[in-house]
Amino acid sequence: MLAFRSEAHVNRWCERTGLPKGASFSLETAWRLADAWYRDRLSPSWRRRTPEEARAVFDGLGLTGDFWRLT
Amino acid sequence: MVLALLGARVGSRAVELDDRVRLVLYERFVETGVPPSAAEVAAEVGLGAEEAEAAYRRLADAHVIVLMPGTTELWMAAPLSGVPTAFRVETPTGSFWGNCIWDALGTIAMLGGRGTVETGCPDCDEPLTIRVEAGELAEGDGLAHFAVPVARWWDNIGFT
């Protein structure tokens with residue numbers, strides 16, 4: 001999970017490394033995902049999300065499709 | 001029936017213990033910026049070192065933390081990395097390494113929503129600065145790219 005300057009840089013890096021392209025999205029969305037996922041990590045009541053809860057986080061940010069399926 | 005109840009009680013005690021170990025582990029990591037050993041956590045929680053190591057292993061099995069292969073040394077207590085990475089995070093609480101761009105931003109989220117991630121574009125090596133102020137992205141042109149589909153993250157959590 002890396003940060004790139006633009007889509008063109010992602011594409012060039014994938015070509016050079018031979019890695020298939022995964023999912024790319026704005027750093028704004030990445031921040032919202034990080035905030036939703038980790039904001040409560042130091043809470044005593046924290047527990048791992050269920051697959052349904054994780055899916056709800058992804059769906060809420062428009063991160064949908066096969067790439068984001070949990071199983 | 002009695003054995004089943006006993007098993008449930010022992011299981012619930014282990015979960016309670018693991019919760020305490022998890023909390024202390026994270027507290028120490030955030031305080032010092034360095035991943036605490038099981039022995040350090042054991043001393044604080046009032047456990048034997050072996051009990052704390054067993055708790056570390058259970059937390060790793062539950063995908064709460066990641067240990068260095070074949071050891072009980074912390075590699076990741078997400079979003080924090082126990083080893084230097086390409087994602088340096090500066091927050092008012094302290095400086096940390098994030099495991100990836102998601103975790104680097106997650107470190108800021110976990111510590112109050114203010115901080116900066118310094119990384120570089122893997123394609124061209126140009127530095128990238130991403131800044132969060134008051135819970136909002138304040139600086140950060142660019143994209144995040146996740147290479148591995150979600151269902152395969154735990155096949156190799158070191159490469160996602």
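**Figure 1. Antiparallel pairing of β2(A) with β9(B) in the predicted model.** Strand β2(A) and strand β9 of chain B, residues 143-146, are joined in the antiparallel sense over four bridges. The model shown here and in the other views is predicted. Within this pairing, Ala23(A) has Phe146(B) of β9(B) as its bridge partner. The two strands belong to an open sheet of three strands, ordered β1(A)-β9(B)-β2(A), in which the pairing is antiparallel. The edge positions are held by β1 (2-4) and β2 (23-26) of chain A; each has a single partner strand, so one side of each is left without a neighbour in the sheet. On average, and with direction ignored, neighbouring strands of this sheet are turned by 30° against each other. Helix α2 of chain A, residues 27-38, packs on the sheet and touches β1 and β2 of chain A together with β9 of chain B. The direction of α2(A) makes about 95° with that of β2(A).

**Figure 2. The side of chain A that touches chain B.** Contacts between the two chains involve 37 residues of chain A and 36 residues of chain B. On the side belonging to chain A, the elements that give two or more residues are β1, α1 (7-17), β2 and α2. Helix α2(A) supplies the largest share, with nine residues. By class, the residues on this side of chain A comprise 21 nonpolar, six polar and 10 charged.

Figure 3. Val57(A) lies in helix α3(A), which covers residues 51-60. This residue has 15 C-beta neighbours inside 10 Å and therefore counts as partly exposed. When neighbours within four places in sequence are left aside, Val57(A) is in contact with Ala36(A) and Trp37(A). Val57(A) and Ala36(A) are separated by 21 residues in sequence, while their C-alpha atoms are 7.1 Å apart in space.

**Figure 4. Overview of chain B.** Chain B contains four helices and nine strands. Read from the N terminus, its elements follow the order α-α-α-β-β-β-β-β-α-β-β-β-β. The C-alpha trace of chain B spans about 60 × 35 × 30 Å along its principal axes. Of the 160 residues in chain B, 38% are buried. Among contacts in this chain between residues at least 6 apart in sequence, 28% join residues at least 24 apart.

**Figure 5. Crossing of helices α2(B) and α3(B).** Helix α2 of chain B (residues 38-45) and helix α3 of chain B (residues 49-61) have axes that come within 8 Å and cross at roughly 115°. The helices α2(B) and α3(B) are therefore roughly perpendicular. Their crossing is right-handed. From α2(B), the contact is made by Ala38(B), Ala39(B), Val41(B), Ala42(B) and Val45(B). The residues of α3(B) in this contact are Ala49(B), Glu51(B), Ala52(B), Glu53(B) and Tyr56(B). Sorted by class, the contact of α2(B) with α3(B) has eight nonpolar, no polar and two charged residues.

**Figure 6. Hairpin of β7(B) and β8(B).** Strand β7 of chain B, residues 127-133, pairs with strand β8 of chain B, residues 136-139, in the antiparallel sense over three bridges. Across this pairing, Arg131(B) stands opposite Glu139(B) of β8(B). The hairpin has two residues between the strands, and Ala134(B) takes a positive phi near 50°.

Figure 7. Ile130(B) has its place in strand β7(B). Because 26 C-beta neighbours lie inside 10 Å, Ile130(B) counts as buried. Apart from neighbours within four places in sequence, the contacts of Ile130(B) in chain A are Ala3(A) and Leu27(A). In chain B, Ile130(B) is in contact with Leu105(B), Thr116(B), Val117(B), Glu139(B) and Gly140(B). The C-alpha atoms of Ile130(B) and Ala104(B) are 9.8 Å apart in space, and the two residues are 26 apart in sequence.

Conventions
Residues are numbered from 1 along each chain as its sequence is written. Chains are lettered from A and ligands numbered from 1 in the order in which they are written. This is a predicted model: local features need pLDDT of at least 70, side-chain atom pairs count only at pLDDT 80 or more; totals for chains, interfaces and linings use all residues. Two strands pair if DSSP finds at least two bridges between them. Axes are lines fitted to C-alpha atoms, for helices over the stretch in contact, and angles run from 0 to 180 degrees between N-to-C directions. Two residues are in contact if their C-beta atoms, placed from the backbone, lie within 7 Å. Ala, Val, Leu, Ile, Met, Phe, Trp, Tyr, Cys and Pro count as nonpolar, Asp, Glu, Lys and Arg as charged, and the others, Gly among them, as polar. Angles under 35 degrees count as roughly parallel, over 145 as roughly antiparallel, 65 to 115 as roughly perpendicular and the rest as oblique. A crossing is left-handed if the near helix is turned anticlockwise from the far one by less than a right angle, and right-handed if clockwise. A residue is buried if 20 or more other C-beta atoms lie within 10 Å of its own, exposed if 12 or fewer, and partly exposed in between; C-beta atoms are placed from the backbone.
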